Amino acid sequence: MVLNRFICGVPVFVRMQASCFLYVSEKNAIFARCVMEKFEVHILGCGSALPTTRHFPASQVLNVREKLFMIDCGEGAQLQFRKSKLKFSRLNHVFISHLHGDHCFGLFGLISTLNLLGRTAELHISSPQGLEELMGPMLDFFNKQMSYRVVFHEFGTRKPELIYKDRSLTVTTIPLCHRMPACGFLFAEKPRPNHIIREMVDFYGVPVHELNRIKNGADYRTAEGELIPNARLTRPAELPRRYAYCSDTVPLDSVVEQVRGVDLLFHEATFADEDAARARETFHTTASQAASVACRAEVKRLLIGHFSARYEDESVLLDEARSVFPSTQLARETLSFPV
Ligand SMILES: [Zn+2]
Ligand SMILES: [Zn+2]
């Protein structure tokens, strides 16, 4: 109603356009929040190498607009996948950070189950060098008649590499420093074109074939020759979101630079401060060191995990991390966190 009254006469419209746009943009912002596309991480396992009854070893699933990406695949990942009510059919890509067992021993079970389920789509697994050589003979032995193909991709671990892209997402490696070649992963949404303000487009009678140009920033000239600036026809798209996963590693300045400003950083926090010497020896990070990485990188939120079996109660890790970076949460199996 308000908009209709304003647009009946040009002078009124021009005088009132600030509040008119405020009305339109508020409405659209609310609408945008409602339809914000899914980008969330499910924790399947957040323990480390030694088994405990409290945790599964490392594995996560990132849901980006209903496409599922698995990050590490520790033992039991497929059970946790089921418990989290995720759909196997939506999983096409697995990213393995390094070839320690707590990050990849779940692959055999997962691959076999997908075969039992009669999967036909390829499953792509990206990892540092060596996984295909290790798994190839075992897959040949256990799954003689695979209903689908497993495609292995290897990445280098010395410098960041773009290892996946689609229309809306890129995945880049984050080189880490561990007892063997290892990389984390940076998942970044691609910037999206502006949103059309339907009321304004209708008002100026913009033909449909002009909409793509306008979405991408073009102004519009009416049949009468009036130039309508793009800002009057569109509102900016939501900012692209980014999720970074860093496990296992010593704390690194290069990670700080690569994850600067991300919406959510998962960083391993295997040990408490009192075990800092053990963290150094085993090429791991303490909770306060993880928090320091988050703080220096000015990330929005920090999630810590890869907990050592020695801590019955991980609140000590949370307290130490929060004393450095308050926006920290503990990872926990079957929980999901929006990015
Ligand atoms: Zn590990
Ligand atoms: Zn490791």
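Q: Which residue stands opposite Glu268 in β16?
A: In this predicted model, the residue of β16 opposite Glu268 is Gly305.

Q: And how many bridges join β15 to β16 there?
A: Strand β15, residues 264-268, is joined to strand β16, residues 301-305, by 5 bridges. The two strands run parallel.

Q: What sheet do those strands sit in, and in what order?
A: They belong to an open sheet of 7 strands, ordered β7-β8-β9-β14-β15-β16-β17. Its pairing is mixed.

Q: Which strands are at the edges, and why is one side of each left without a neighbour?
A: The edge strands are β7 (162-165) and β17 (328-330). Each has a single partner strand, so one side of each has no neighbour in the sheet. From one strand to the next, the twist averages 20 degrees.

Q: Which helix lies across β16 and β17?
A: That is helix α13, made of residues 315-322. It runs at about 170 degrees to β17.

Q: Changing topic: what is the strand order in the sheet that holds β1?
A: That open sheet has the order β6-β5-β4-β3-β2-β1-β18. It has 7 strands, and its pairing is mixed.

Q: Which strands are at the edges of that one?
A: Strands β6 (150-154) and β18 (336-338) stand there. Because each has a single partner strand, one side of each is left without a neighbour in the sheet. The twist in this sheet averages 20 degrees from one strand to the next.

Q: Do β1 and β2 pair in the parallel or the antiparallel sense, and over how many bridges?
A: Strand β1 (residues 39-45) pairs with strand β2 (residues 59-64) in the antiparallel sense, over 6 bridges. One of the residues involved is Gly45, whose bridge partner in β2 is Ser59.

Q: What holds paired strands together in general?
A: Strands of a sheet pair through backbone hydrogen bonds, in either a parallel or an antiparallel arrangement.

Q: On to helices: how many residues does α6 have, and how far does it reach?
A: Helix α6 covers residues 131-142, which is 12 residues. From its first C-alpha to its last it reaches 16 Å, close to the 16 Å expected at 1.5 Å a residue.

Q: How many of its 12 residues are buried?
A: The count of buried residues in α6 is 0, and the helix is hardly covered.

Q: What about the protein chain: what percentage is buried?
A: Of the 339 residues in the protein chain, 36% are buried.

Q: And how many helices and strands are there?
A: The protein chain has 13 helices and 18 strands.

How values were computed:
Residues numbered from 1 in each chain as written. Chains lettered and ligands numbered in written order. Predicted model: local features only at pLDDT ≥ 70, side-chain atom pairs only at ≥ 80, totals over all residues. Pairing = 2+ DSSP bridges. Helix = DSSP H or I, 4+ residues; strand = E, 2+ residues; numbered from the N terminus. Axes fitted to C-alpha atoms, helices over the stretch in contact; angles between N-to-C directions. Contact = placed C-beta atoms within 7 Å. Expected span 1.5 Å × (residues − 1). Buried ≥ 20, exposed ≤ 12 C-beta atoms within 10 Å, placed from the backbone.
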